[in-house]
Amino acid sequence: MSKPTEEAQEPTQVKASTGTLGWGDQTLQDMLQRRDKLTEDHEHYYGLEELQLANEDPIQYDRAYTAIHDAARSARQTARNVAASPGARELGELLFGVLTPEGDTVAVSRGLIGHQGAFPISIQHMIENGYEDNPGFEEGDIFTAFDPPTTGTPHAGDTYTFCPIIYEGELVGWAAACNHIMETGPAVAAAWPPWSPNTYTDGFLLPPTQVGEDWEDWEWFYEAYRRRTRAPVFNILDQKMRVSGNKMINDRIIDIIEEFGLEYYKRVIREIIDDSARAMKRNIQDYTFPGKSNYVAFQSLYQEGLAPLFEYADRDWIFHLAPEDHIDTVEGEIHIDFKELSPADWHASGGYEGHVECNLWLNVMDTVGMGLRPNRGFNMQIDYDLPKGSMYNPKNDEYSAGNPWAAGVPLFNAFGAGVEHSKFARGYLEEAWNEDVGWTGFQGEIVRKDGSREGFSEMDLLGASSTPASNHRDGEPVSTAWWNPESDTGSAEEWEYVLPGLYYFSRTVMPNYFGPGKHHGGNGIQIGYFITDDIKEAVLGKVGGQSSEFTTMASLPGGGYPAPTATLFVFRDTNILELLDDEQMPGGLDELKEWIDDEKLTFESEEIYKEQVAAVTLKPGDLYFWTGNCSGGWGDPLEREWEDIEHDLRHEFVTPEAVQRLHGVVVEREDGEWQMDEEATEEKRTEMLEQRSEDAIEFKDWWQDSREDLDDLPPLVEQTYDDLREFSEDFDERFSAYWALNTETGGDGDE
Amino acid sequence: MSKANNTQIAIDAGGTMTDAFLVDEHGNVSVGKALTNKEDESISYEEAVDDACKYWDLDSREVHESAATDTYTGTKMLNTLLERKGNRIGLLVTKGHESMYYRERGHSWLGLTWEQILHHKTHKHVAPSMFELDAERVEGITERVSSGSYFMIEEPGTEKVGLNEDETREAVHKLLDKDVESIGINFLFSYLNSDHEKRAAEIAREVADERGDDVYVVRSSNLCPVMKEAQRLKSTLIEARTSDIVRDHLLNIEETAKKLGYQHDEYTVTSYGSVVNVRHPRLYETVISGPTGGLIGAREVGEIAGIENIIAADIGGTSFDVGTIEGGRISLTKEPNFARNRLALPMVDLDSIGSGAGSEVNVDEFSHIELGPESAGSDVGKCLNHPEVTVSDCNAVLGYLPPGNFLGGKVELDLDAAEQAVREEIAEPLGLDMYEAAEGVLDILHTRLKRHLTSTVESKGYTPQDFTLFIYGGAGPLHLHGVSDIDFNDIMTFPFAAAFSAYGVAASEHSKRFHQGTSSIIPPDYDEAAADAIADEVSEEYQALEEQAYNEMESEGQSSEDLQAVFGASMRYLGVLEDLDVTFTFGRIDDAADLEQAIGEFETKYADIYGEGARFPESGFFVKEIFVEVIGEKPTPEQPSYEPTSELSEDAIKGKREAYYDGEWRDFTIFDMEELRAGNAVESPAIVEHPMTTLVVPPGNELELDENRFIHWNEED
C-alpha cells in the first residue's frame with residue numbers, strides 16, 4: 001500500500017477531545033484552507049497524488065461510490081413526490097447531492113445536475129462567516145439559501161437546502177438539495193424577473209440561513225414565503241421536499257460510514273472527486289484538438305422607459321457574450337477567458353460566480369464529460385478568468401441576478417461551440433454538434449375576479465428544447481434540456497390546473513421554425529393561450545435565452561444558420577371568445593395569420609416582442625402566443641437530401657413553400673405521397689447558386705463598406721461597443737486592430 | 001403422475017421458446033417447451049403442452065378436457081409494435097396539439113442508460129416510427145374542456161369550446177381517405193368530461209358506415225380515463241394499433257385449446273398482475289405481462305405462508321427486478337415506461353436495474369468496473385457462446401456453477417475460457433489475482449442488488465424488518481448469499497425458483513382494475529356541508545365505476561355473487577403534483593365520515609413515506625383519481641404440504657466440490673434440490689443444485705425447508 005503524501009495525511013485525533021466540528025482537531029475553516037492549499041500545491045484534489053483506495057482495492061472503492069451515488073439518486077426519486085411545483089414534479093427540475101465538509105460534490109442524483117458546481121459557494125460562505133460557532137451545525141439542522149452572491153444559486157428561483165451530516169461529533173459532509181421554485185416575489189411576478197434594476201427588486205432573497213432543526217422547518221420560514229412570494233403553497237411544499245430528501249441522504253450516509261468505516265469514508269469521498277478530475281483530463285486529451293477558439297453570442301435587453309425611477313438603469317443593452325476557449329491537450333486542461341464579456345450593469349441579466357460554475361459544469365458534462373462520474377472533479381480541469389466588473393462578476397453585490405440564465409445559456413453555447421469544434425477537428429465527426437440550445441420561460445400572476453393573485457412559472461419550454469443539428473443528423477424537436485438531461489415539458493393537463501383562466505389553443509411543433517442547413521436544427525414550439533372571463537386579468541412575461549432582436553449565436557461550428565429568435569405575439573381585445581362560442585379555434589400561428597388576413601380574427605391592437613418581456617397585462621378576450629426553442633442548422637441548406645426533406649414534409653416540420661425557398665427543392669404530391677420534381681429542383685438549385693454568386697462580394701469590399709458603417713451605427717450598437725471598449729482593453733485593442741481604426745485610411749482590408 | 005384434475009395450463013410464448021406449465025390441483029407442476037412458431041403460434045402452443053403432458057404420462061386431450069383454466073401470454077403485442085405490423089392509425093386530437101405523437105413530453109431519453117441520458121446527443125423520439133404515424137394522419141379538432149383548476153374557478157370538465165362536428169366529420173373523411181384501419185381519439189381533459197370524445201367516436205363510426213369502411217375506433221376516455229394527455233395518447237395508440245390483432249390471435253389459441261377439449265374461455269395476463277378473459281375490452285393492459293408472473297406468484301405464496309409484506313426479487317440473466325407486496329396487494333405504478341414510451345397503465349411496480357448473472361463486465365480506461373447493461377442472455381458468457389466476459393464467467397471461475405452439470409447437464413461450460421477471460425479482461429487491468437477479481441465482481445453486483453433492495457423498501461417508508469424477501473428467477477438462488485446480510489424479517493427462496501413466474505401465472509386471480517380521473521378538491525377549511533357534498537359526488541363516481549366493473553365481469557362469465565370489490569383513490573395535498581394511491585380499509589367513500597377516514601388514511605401513508613414534516617393539511621386535499629378492483633372466482637392450485645422430517649434422503653447429497661469464498665478455497669457439500677424434503681436442514685458450506693438453478697450457501701448460513709418445501713435462509717448460530 002503506497003502512502004499518501006505527507007501533506008495530504010489527515011489529522012486523526014479523537015474527536016471528543018477537540019470540540020470542533022472539523023476532522024481531528026481542525027475547524028471547518030481549517031479544512032477549507034487545507035483543501036485549497038493541498039489542491040493548489042499538488043494539482044490534485046486535497047493533494048491526492050495517488051488514489052490509494054482505488055488502487056489498493058478497486059472493488060471496495062467501486063462499491064463505496066455506488067453506495068454514495070445511490071444515496072443521492074434514491075433521495076431524488078422518493079422526495080420529488082412531495083414537490084408541489086410542476087417544475088420539480090413534472091419536469092424533474094431538482095437535484096440532490098452528497099457533499100464533502102467543504103461543500104464539494106461527491107455524487108449527485110439525476111436532475112438539475114449543473115447546480116452541483118455551485119453548491120460549494122453556500123457552504124464556503126457559511127464556514128467563512130463563522131456559522132460553525134453561531135448558529136452551529138447539528139444533525140437535523142436545515143439551512144436554506146437563495147441569495148446569489150452569498151449562496152451560489154444562479155438566481156433566487158434556484159433554491160438550495162443543505163443539512164449537515166454529523167458522525168460521532170464530526171461534520172462528515174452535507175446533504176444538498178436544489179429545485180426551481182414557482183415564484184420568488186420580485187417587483188414583477190416571476191421566478192426569473194427580466195426587469196430588476198438591482199438586487200433590491202429581485203424579490204425574496206435569503207443568504208444561507210438556518211430555517212429549521214430536527215428535520216422540521218420553523219414556522220417563520222413558511223410565513224416568510226407566504227408574505228414575500230406569490231406562490232407560497234408551492235414554495236412551502238418544495239421546501240418540504242428538499243428537507244425530506246436530505247434526511248434520506250443523511251440516514252444513508254450514516255449507514256455507509258458504518259459499513260465502510262469512518263476513515264475509509266473520509267478518504268474515499270476525496271478520491272472520488274480527484275478520480276473524476278483525472279478522468280476529465282484524459283477525456284480532454286483524447287477527444288479534443290488543441291488551440292484557441294472564439295465564438296460569440298449576442299442578446300438584447302430593452303429596459304428604457306421601464307425604470308424611470310432608476311435613472312442609472314433606464315436604458316437598453318446588447319450583451320456581448322464572448323468566451324475564448326484555450327484547449328491544452330498536453331495537460332488535459334481547458335482555460336476560458338471571459339475578458340471580452342460585457343460589463344456588469346443595472347439589469348437582471350447579470351449574475352455571480354455560482355451561475356458561471358453551474359453553467360460551465362453543464363456544458364462540460366456533454367462536451368467532454370462523456371462516461372465520467374459527475375462531481376466536483378469535472379470543473380478542476382477547467383479554469384477561467386472572469387474579470388471583476390464583468391456581468392457575471394460585478395464590482396459589488398448590489399447588482400441584480402434575477403435572470404442570469406437568459407444571457408448565460410448563449411454565453412456557454414459559445415464556449416461549447418469552441419469545444420465541439422475542437423472535437424470535430426480531432427475527427428470525432430459524429431460527436432460534434434452545433435451547440436445552439438435555447439430555452440424560453442413564461443411566468444407571471446393570475447388576478448382572480450375577487451382580486452386575489454397567484455404567481456406561477458410555466459416551464460413548458462424550459463422542460464425540453466430542441467437539439468441542434470450535427471453533421472449527420474437533424475436536431476429533434478422537444479428533445480433536450482441542457483440543465484436537466486431527462487427533458488420533460490410536463491403535461492398540459494397539469495399546467496392548466498395552475499393557470500386558471502388561461503387555456504391552450506396551441507402547443508405544438510411549429511413548421512419552418514429552425515436554423516436551416518444540410519441538417520436543420522430541431523423545430524421550435526408554438527404555444528398559445530386564450531384568456532377567458534373566468535378571471536379578471538393575467539400579468540404575463542416572457543424570458544429566455546433566445547429572446548432577442550437577433551439570433552443569439554452569431555455563427556456555428558457546422559456552418560448552418562443559427563436558431564431564429566423566440567417571439568411573443570399579443571393580440572388585445574379580440575373576438576376570440578365569440579369565435580370559440582361558434583366552435584372555431586385557431587390551431588397555430590399560420591392559422592392565426594390566415595384568420596387575421598381574412599378579418600375573421602379581429603383585434604384592437606397587436607404587439608410583437610422578440611425581446612424578453614417583464615410583464616404585459618392581459619384581459620379576457622386577449623390572446624397570448626409565444627414561440628421558442630428551435631436550434632441551429634449544420635451545413636449548406638442546398639445540400640439537403642431528399643429523404644430528409646420527405647421526412648419533414650410528412651411530419652409537417654416544413655411546408656412545401658419553405659422546402660423550395662430554403663433548399664431549392666420543388667415538390668409535388670402524387671397519390672398522397674410527396675415527390676421531388678428532379679428537373680425543376682436541379683433548375684432551382686442552379687438558379688439559387690448563381691444568385692449566391694451574384695450576391696457575393698469580396699471580403700475586402702465587405703470590410704471596407706462595414707468600416708464606413710462604423711460611423712453610422714445604430715445608437716444601441718454604438719453604445720454596446722463603447723461600453724465594451726471602455727471596460728475591456730483587450731476588446732478595444734482587437735476591435736481597433738480589426739477595423740484598422742488607428743490608421744488614417746484603414747488600409748484595404750487585405751490584412 | 002397426475003390425474004389431471006382441475007389442471008391449470010399456463011403458456012408463456014417467448015420470441016424463441018414457448019413454455020407450457022401445467023399445475024394440478026395439488027400443486028404438482030410439469031414444464032414443457034417448444035420452439036415458438038412465429039407463423040402460427042397455435043402450433044407451438046400444442047407442441048409445448050404436449051411436451052409438458054409427457055412428464056405426467058397423459059395426453060394433451062386428457063389435460064385439456066379436465067383443465068380449469070388455460071392462460072396464454074406472449075409477445076404478440078410487443079412484436080406487432082416492434083415489427084411495424086399493426087393497424088394503420090389515424091388520430092383525432094384537440095386542435096393545436098397535433099404534434100403530441102412526436103414531441104411526447106420531451107421523453108426522447110426514455111430507455112437509455114444514465115450515461116447516454118447525460119449525453120444529450122443520444123436522445124431521439126421513437127414513437128413516430130414505432131406507430132408509423134405522421135402528421136398527415138393526425139387531425140386537430142376544435143373543442144376544449146377545462147380542469148376547473150386548483151383555484152376552483154369553475155366546475156371540473158366544463159365545456160369551454162363546443163365540439164365542432166362538421167370539422168370532425170371532415171377530419172374522419174380525410175383519415176379514411178388515407179386508408180386508416182383504426183382511429184384513436186384523445187382530447188384534453190376528456191377524463192373529466194368525455195362528451196366530446198364520445199360524440200367524435202359516434203361521428204367516426206357514422207362516417208365509416210356511410211362510406212362502407214371498416215374502422216376500429218378507440219377513445220382515450222373509454223380506455224384510460226386518467227390525467228396526463230401524452231401518456232393517454234400512447235395507451236390509445238397501442239390499443240388502436242394492436243388490440244384487435246392481438247385479440248384475434250388469442251381467440252385463435254382459444255379455438256385450438258377448445259379443439260383439444262378445453263371447455264372454458266381463454267385467459268391472458270394483465271400488466272397489473274391478474275388474468276382476464278381474452279375478450280377484455282382494453283387489451284393494451286396486457287402489453288407488459290412478462291414480469292408480472294413473479295409478483296403474482298409471490299403474492300400467492302405469501303398467502304399460503306401467511307406473509308403480507310413481501311419484497312420480491314427476480315434475478316435473471318439481464319436484469320434485477322424488484323417489486324413489493326404490501327398488505328397482500330401487489331404495488332403498482334401508473335405511468336410505466338414501455339419500449340421507450342410512457343403509458344397511462346396500472347402496472348406492477350417493478351424497479352429494474354440492468355445487472356444480472358449474464359451482465360457483461362467491463363473495466364474501462366479509468367479502472368472503473370461496469371456491469372451491464374449489455375448481457376449475454378442465454379449465451380451465458382465466455383464459458384459458453386458469448387464474446388464478452390460476464391458475471392456468469394466469474395461464478396464459473398469461483399466454482400459456484402458446475403461446468404459439467406449446468407442446466408442439469410444439458411450444457412457444458414468451458415471453464416478454461418472463463419478463467420482466461422476473467423484473468424485477462426478483469427484481473428490484470430485491475431492488478432488483482434483472478435479469484436480476487438471474480439469475487440470482487442460479485443461483490444460489486446451484490447452491492448448494487450442490496451442498494452436496490454433497500455432503496456425500494458425505504459422509498460416506500462418501510463424498513464427491511466417490515467418485509468420478507470423472496471428471491472427467485474434462474475439466478476436468484478445463485479446470488480441470494482450476496483444480499484442475505486440485509487436485515488429482512490425472513491429470506492426465502494423456492495425449489496421452483498426458476499419457474500416462479502409461470503407458477504404465478506397459473507396461480508393468478510381473475511381480477512380487473514377500473515380507474516377514473518376526477519377532480520375533487522377538498523379545501524382546508526371544509527365544513528360538514530362541504531364534506532357531505534364532496535362525499536356525495538365521489539360516491540356517485542364510485543357507484544358508476546363499480547357498476548361498470550360488475551357489468552364487464554359478468555359479461556365475461558363471472559357471477560356477481562362471486563365478485564369482491566376493493567376501493568381506493570389517488571390523492572394529493574392540494575398543490576402537490578404527485579399522487580399517492582391509497583387502498584381504503586373501509587370500502588368506498590359514501591358519506592362524510594368515509595371521506596374523513598379516506599383523508600386520514602392518505603395522511604398516514606404520506607407521512608410514513610415522506611416524514612411527518614412533509615404533511616401539509618393546511619393546503620387542502622385533491623382526489624385526482626378513484627379506482628375499483630374487482631376480483632372474481634378462479635381456482636388456484638394448492639401448494640402441497642408435507643410431514644416435516646429432519647432426515648435427509650439417501651440421494652440428497654451428491655458429493656463435494658471446492659469453491660472459492662471470502663479469499664480462500666473451501667469444500668462445499670453438493671446437494672440435490674429435488675431430493676430435499678420438508679423439514680430438512682442444509683448446513684454450510686453447501687451448493688444445492690437443481691436442473692434449472694443453483695443455490696449457494698457460504699459459511700455462516702443454513703437452509704431450512706418448511707412443510708411446503710419453501711426454503712428459509714438463516715444465519716447459523
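Let me begin with one residue: B:Glu139 counts as buried, at 11% relative accessibility. Buried here means under 20% relative accessible area, exposed means over 50%, and partly exposed is anything in between, computed with a 1.4 Å probe on protein chains only.

Two remarks on conventions. This is a predicted model, in which local features need pLDDT of at least 70 and side-chain atom pairs count only at pLDDT 80 or more, whereas totals for chains, interfaces and linings use all residues. Residues are numbered from 1 along each chain as its sequence is written, chains are lettered from A and ligands numbered from 1 in the order in which they are written, and side-chain values use heavy atoms, with hydrogens and water left out.

I return to B:Glu139. Its salt-bridge partner is B:Lys174, with the closest N and O atoms 3.9 Å apart; a salt bridge requires a side-chain nitrogen of Lys or Arg within 4 Å of a carboxyl oxygen of Asp or Glu. B:Glu139 sits in strand β6 (residues 138-141) of chain B and B:Lys174 in helix α7 (residues 165-177) of chain B, so the pair ties together parts that are 35 residues apart in sequence. Helices (H or I, at least four residues) and strands (E, at least two) are DSSP runs, numbered from the N terminus. B:Lys174, for its part, is partly exposed, with a relative accessible area of 36%.

The side chains of B:Glu165 and B:Arg199 form a salt bridge at 3.1 Å, N to O. B:Glu165 belongs to helix α7 and B:Arg199 to helix α8 (residues 195-211) of chain B, so this pair ties together parts that are 34 residues apart in sequence. B:Glu165 is partly exposed, at 33% relative accessibility.

I turn now to the interface. Between chain A and chain B there are 15 salt bridges. One example is A:Glu493 with B:Arg232, where the closest N and O atoms are 2.8 Å apart. The side of chain A that touches chain B has 44 nonpolar, 26 polar and 35 charged residues; Ala, Val, Leu, Ile, Met, Phe, Trp, Tyr, Cys and Pro count as nonpolar, Asp, Glu, Lys and Arg as charged, and the others, Gly among them, as polar. The contact, meaning heavy atoms within 4.5 Å, takes 105 residues from chain A and 93 residues from chain B. The area buried is about 8400 Å², of which carbon and sulfur atoms give 54%; it is the accessible area (1.4 Å probe) that the two parts lose on being put together, summed over both.

Leaving aside neighbours within four places in sequence, its contacts include A:Trp433, A:Glu435 and B:Lys121.

Helix α11 (residues 292-305) has 14 residues, and its end C-alpha atoms are 20 Å apart, in agreement with the 20 Å it should span at 1.5 Å a residue; the expected span is 1.5 Å times one less than the number of residues. Eleven of its 14 residues are buried, so α11(B) is largely enclosed by the rest of the structure. Just after α11(B), B:Gly306 takes a positive phi of about 70°.

Helix α18 (residues 592-610) of chain B has 19 residues and reaches 27 Å from its first C-alpha to its last, close to the 27 Å expected. B:Gly611 follows α18(B), with a positive phi near 95°.

Finally, some backbone details. The peptide bond from A:Asn134 to A:Pro135 is cis, with omega near 15°, and A:Pro135 is found in helix α6 (residues 132-136) of chain A. The bond from B:Ser684 to B:Pro685 is also cis, with omega near -10°. A:Val478, although not a glycine, has a positive phi of about 50°; A:Val478 counts as buried, at 1% relative accessibility.
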